[in-house]
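Reader: I have a model open and would like to walk through it. Can we take it piece by piece?

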Amino acid sequence: MKKILVIVTNHSKLGTTQEDNGTFAPELTHALHEFESAGFGYDIASIKGGPAPLYGMDIEDDPVNQAMLEKPALQAVLQDTKKLSDIQIDTYAAVFYPGGFGLLSDLAENEEAAQLAARHYEQGGVLAAVCHGPAGLLPIKLSNGATLLESKEVTGFTREEEVDFGTIDNIPYLLEERLARSAKRYTKGQPWQELVIEDGRVITGQNPASAAAVAKAVVACLAE
C-alpha cells in the first residue's frame, strides 16, 4: 500500500495571541477521507511529535469532518503524531500539508521539514498543501540551490479570506504576500470558492473548500 505523509503543526495558538489554533480540522479530515477512499494509508507527523492541536472540530453541517474525527484510530494518531526526525521519507508516495494558522509559526520556517520535503520531491514524490498549508513549501530548497517555489505556480489563503475570517490583524504575516513574492506565480480565485493549482508534482488549494479536491488531485497524480 502506498502511504502519504501528512505534516501538521505543533503550534497551538493564533500567532502570538492566546487564541486556540493549530491545524484546521476539516482540511485534514476531508483530505484523509479522500486518501482512505482511494486505498491509501497515511502517517501524521509533526516537528516535535506528540499531540496535534486542532480547531474547527465542532463545525456544524460537516458530516465528513465529524465522522472522521470520531474514528478511534484517527484520534489515537492525532494524540501521538510521529516526530519528523524519525520519518523515513523514502517510504512515502506523497507529502500533504493541511492548513491552519499554527503552521505559519513553525513549519513555514522549519529546515528539517523542508529538507525532508526537498528530498521527497527530488526522488519523484508529490508535494501538496491547502489553505495556509502552502506556507510549509516556502523554506524548501532543492539540491541545485533553487527554491521549490521559484519555478512553480501556487495558490493559498487570500487576503480577502483573512479579512472575512477576522484574522488579518493577528496573523504573523500575510501568506498571500509571501507566496506572491516567492513563487513563479501566485493565483487566487473568488473568496471561499474551490481552487486547485497543479504545477507538475506540486499541488495547492486556496482554502478549506479546496481540501478534498487537493486530495483527489494527489490521488490522480499518483495513479499516473
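Reader: Is His 132 buried or exposed?

Author: His 132 counts as buried because its relative accessibility is 1%. Buried means under 20% relative accessible area, exposed over 50% and partly exposed in between, with a 1.4 Å probe and protein chains only. This is a predicted model, where local features need pLDDT of at least 70 and side-chain atom pairs count only at pLDDT 80 or more, while totals for chains, interfaces and linings use all residues. Residues are numbered from 1 along each chain as its sequence is written, and side-chain values use heavy atoms, with hydrogens and water left out.

Reader: Where is His 132 found?

Author: In the loop between E7 and strand E8 (153-154). Helices (H or I, at least four residues) and strands (E, at least two) are DSSP runs, numbered from the N terminus.

Reader: Which side chain does the His 132 side chain make a polar contact with?

Author: That of Glu 162, at 2.7 Å. A polar contact is a pair of N or O atoms within 3.5 Å; within protein, one must be able to donate a hydrogen and the other to accept it, and residues adjacent in sequence count only if both atoms are side-chain atoms.

Reader: What else is His 132 in contact with?

Author: Leaving aside neighbours within four places in sequence, its contacts include Gly 99, Phe 101, Leu 104, Phe 157 and Leu 175. Contact means heavy atoms within 4.5 Å.

Reader: Different topic. What is the strand order in the open sheet?

Author: The open sheet has 7 strands in the order E5-E3-E1-E6-E7-E11-E10, with mixed pairing. Its edge strands are E5 (82-83) and E10, each pairing on one side only. Two strands pair if DSSP finds at least two bridges between them.

Reader: How does E11 pair with E7 and E10?

Author: E11 pairs with E7 (residues 126-130) in the parallel sense over 4 bridges, and Ala 129 stands opposite Thr 204. E10 (residues 196-199) runs antiparallel to E11, also joined by 4 bridges, with Asp 199 opposite Val 202.

Reader: And what sits between E10 and E11?

Author: A turn: the two strands form a hairpin with 2 residues between them, and Gly 200 in that turn has a positive phi of about 65 degrees.

Reader: Are the faces of E11 covered or open?

Author: Both faces of E11 (residues 202-205) are covered. Val 202 and Thr 204 on one side are buried, as are Ile 203 and Gly 205 on the other. In a regular strand the side chains alternate between the two faces of the sheet.

Reader: What about the E5 end?

Author: E3 (residues 41-46) and E5 run parallel, joined by 2 bridges. Ala 45 stands opposite Lys 82 in E5.

Reader: Last one, Asp 106. Where does Asp 106 lie?

Author: In the loop between strand E6 (94-97) and helix H4 (111-122).

Reader: What does the Asp 106 side chain reach, then?

Author: The backbone nitrogen of His 11, at 3.4 Å. Beyond its neighbours within four places in sequence, Asp 106 is in contact with Thr 9, Asn 10, His 11 and Ile 47.
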